[in-house]
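Biologist: I would like a close look at one part of this protein, please. Could you take me through the salt bridges and what surrounds them, step by step?

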Amino acid sequence: MSQLRTVQVLGGGAGSSAHVSSLAAGLVARGVQVTVCAPAGSGRAHGLPATGARFVAVPRRSDPAAVAALRTACTGADIVHAHGLHAAVRAGIALSGRGTPLVVTWHTRVHAEGARGRLLRLLERRAARAAAVVLGTSWELVDRARRRGARDARLAPTPIPVSRFSGAPDDGKARAELGAVGRPLLVSVAQHGHDTLLDAARAWRSLDPVPLLAVVGEGPRSGALRSRIAEEGLPVVLAGGFHDIGDLLAAADLAVLPGRGEGGPLLAREALRLGIPLVAARADGLPELVGEAAALVPYGHAEALADTVAELLGDPARRERLAESGRAQAAGWPTEEDTIAHVLSVYDELVQPLAGDRA
């Protein structure tokens, strides 16, 4: 059989980008010709040039020009693999009438209410029904894809991204840069639910010493976060993008995930791998991911979040138990080899009937 050609369509989210970078490198190493379509600038930000894949800049839009660019990039592909809801919808439109198999991976659930929620459900149905196979990173997502009409929905083994952090943490430098000398350092990500996080941060001002919360991630929420932090004088700093998350976590006393969104699973995976105790809301498949290796609180419950963090800061023995449990949980997660072998098996399953038809 000739060299397998695949196009990976990416919306630009941090978690899915890390996954695609790992997947692309593994596929290229196995002789697959890989093209990655993603917004301009996202390829370099997530290390895609180093994977050996061809990168094509495609806007994260569904207008005719963007769809036409994606359709051109997918010409000649044996398999198109879209990551995330919006990437899946665009890929489905671009492939309409071509017969090229579409694989979709749902990395996380998009949350919205009212009119936007109804629109998102419509997009989910369109994406699920356009795909030959939907891969979900949790059983919650697999079940959701099935409810939206997916012909074939399966659990996808997804490894933790390979961290760029490899040595001993330089706690002094990281803490000094953030202003966390002589006080606990908490690390979180900008997610839906940031009001809960800031409500908890307000409560932490009564602790002695007052912990500093570093929030990683940029995007539409950063403006609202920045305004409230300044107005209320909260002990919170915005720590930029995801490129240094491993080093930042390695210097932290706790990782905190109050809400929902793509950055959450990424931070949770890296925290457990590094043995950083995690406090997280029960949302987006996180209980399934972390098992008993994290302290879980109800979503949207600021008091429970604040109290749990305060209790852990005052209990070094429990933090150490969570750290050990986290490392053990992470050791049982799928490896990159597992993920790449699974994806290749799905590709082969879909391509073989086409090869038979052409023969």
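**A close look at the salt bridges**

Modeller: Happy to! Let's begin with Glu337 and Arg30, whose side chains meet in a salt bridge at 2.5 Å, N to O. Glu337 belongs to helix α15 (residues 336-358), while Arg30 sits in the loop between α1 (14-29) and β2 (33-38), so this pair ties together parts that are 307 residues apart in sequence. Arg30 counts as partly exposed because its relative accessibility is 36%. Please keep in mind that this is a predicted model. In total, the structure holds 15 salt bridges.

Now turn to Arg148 and Glu124, whose side chains also form a salt bridge, with 2.8 Å from N to O. Arg148 is in the loop between α6 (139-147) and β7 (153-155) and Glu124 is in helix α5, so the pair joins parts that are 24 residues apart in sequence. Are these two residues buried or exposed? The cut-off for buried is under 20% relative accessible area. Arg148 has 12%, so it is buried. Glu124 has 4%, so Glu124 is buried too.

Arg118 counts as exposed because its relative accessibility is 51%. On the surface, Arg118 gathers with Arg121, Arg125 and Arg129 in a patch of positive charge.

Next comes a salt bridge between the side chains of Asp199 and Arg228, at 2.4 Å from N to O. Asp199 lies in helix α8 (residues 194-204) and Arg228 in helix α9 (residues 222-232), so the two tie together parts that are 29 residues apart in sequence. Asp199 is partly exposed, with a relative accessible area of 27%, whereas Arg228, at 13%, counts as buried.

Finally, let's visit a strand. Strand β12 (residues 278-281) is covered on both faces, with Leu278 and Ala280 buried on one side and Val279 and Ala281 buried on the other. Strand β11 (residues 254-257) pairs with β12 in the parallel sense over 3 bridges, and Leu257 has Ala280 as its bridge partner in β12. Strand β13 (residues 295-297) also pairs with β12 in the parallel sense, over 3 bridges, and there Ala281 stands opposite Val297.

Technical notes
Residues numbered from 1 in each chain as written. Predicted model: local features only at pLDDT ≥ 70, side-chain atom pairs only at ≥ 80, totals over all residues. Heavy atoms only, no water. Buried < 20%, exposed > 50% of the residue type's maximum accessible area, 1.4 Å probe, protein only. Helix = DSSP H or I, 4+ residues; strand = E, 2+ residues; numbered from the N terminus. Pairing = 2+ DSSP bridges. Patch = residues over 30% accessible without salt bridge, like charges linked within 9 Å, V, L, I, M, F, W, Y side chains within 5 Å. Areas by Shrake-Rupley, 256 points an atom, 1.4 Å probe, with all protein chains shown as cover. Salt bridge = Lys/Arg side-chain N within 4 Å of Asp/Glu carboxyl O. Lys, Arg positive; Asp, Glu negative; His and termini not counted. Charge placed at Lys NZ, Arg CZ, Asp CG, Glu CD.
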